[in-house]
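Please show the structure, so that its features can be read one by one.

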Amino acid sequence: MDDQAFLEELKKDFFDEANSLIQIYEDNILILEKDSSNMDAINEIFRVVHTIKGGAASLELDRIAAFTHEAENLLDEIRRGKIKMTQSIFDTLFNSVDIIKNFIELAMSS
């Protein structure tokens, strides 16, 4: 397998995993809507974003990596109790899912 084919296979695996992780992200936001103090859900969302960020960075998908890095920073502040879960934060988390999905779709089509 040549380098380009190998890279394309890695990207396909990343996109498949990212799409599965996005579902976990969405499911856990819904859990947080019911119980905004659920640290397991917050930690799961953080893990998802961290995993997507790492995979994107390793494949030089810079937009995805940069955006998920910022989302990860926000989630870390939430985990540490520096930012409280408000409707605005929920809206931001829901919007971030859509943005990540859009970035992934763009990367898949290029």
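The dialogue below goes from the whole chain to single residues.

Q: What kind of model is this, and how are residues numbered?
A: This is a predicted model, in which local features need pLDDT of at least 70 and side-chain atom pairs count only at pLDDT 80 or more, while totals for chains, interfaces and linings use all residues. Residues are numbered from 1 along each chain as its sequence is written, and side-chain values use heavy atoms, with hydrogens and water left out.

Q: How many helices and strands does the protein have?
A: Elements are DSSP runs numbered from the N terminus: helices are H or I with at least four residues, strands E with at least two. Here there are four helices and zero strands, in the order α-α-α-α from the N terminus.

Q: What does the radius of gyration say about the protein?
A: The radius is taken over C-alpha atoms, and the globule rule is 2.2 Å times the number of residues to the power 0.38. For 110 residues a compact globule would have a value near 13 Å; the protein has 15 Å, which agrees. Along the principal axes, the C-alpha atoms fill a box of roughly 50 × 20 × 20 Å.

Q: How are burial and contacts read?
A: Buried means under 20% relative accessible area, exposed over 50%, and partly exposed in between (1.4 Å probe, protein chains only). By this rule 36% of the 110 residues are buried. Contact means heavy atoms within 4.5 Å. Of the contacts between residues at least 6 apart in sequence, 65% join residues at least 24 apart.

Q: What span does helix α4 reach, and which of its residues are buried?
A: The expected span of a helix is 1.5 Å times one less than its number of residues. Helix α4 (residues 87-109) has 23 residues and reaches 33 Å from its first C-alpha to its last, close to the 33 Å expected. An α-helix has 3.6 residues a turn, so residues three or four places apart point the same way. In α4 the buried residues include Ile-89, Phe-90, Leu-93, Val-97, Ile-100 and Ile-104. The buried residues of α4 pack against α1 (3-34), α2 (39-58) and α3 (62-79).

Q: Where is Asp-91 found?
A: Asp-91 is in helix α4. Asp-91 counts as partly exposed because its relative accessible area is 37%. Its C-alpha atom is 10.0 Å from that of Ile-29, which is 62 residues away along the chain.

Q: Which value has phi of Glu-60?
A: Phi of Glu-60 is near 60°, a positive value in a residue other than glycine. Glu-60 lies in the loop between α2 and α3, and its relative accessibility is 63%, so Glu-60 counts as exposed.
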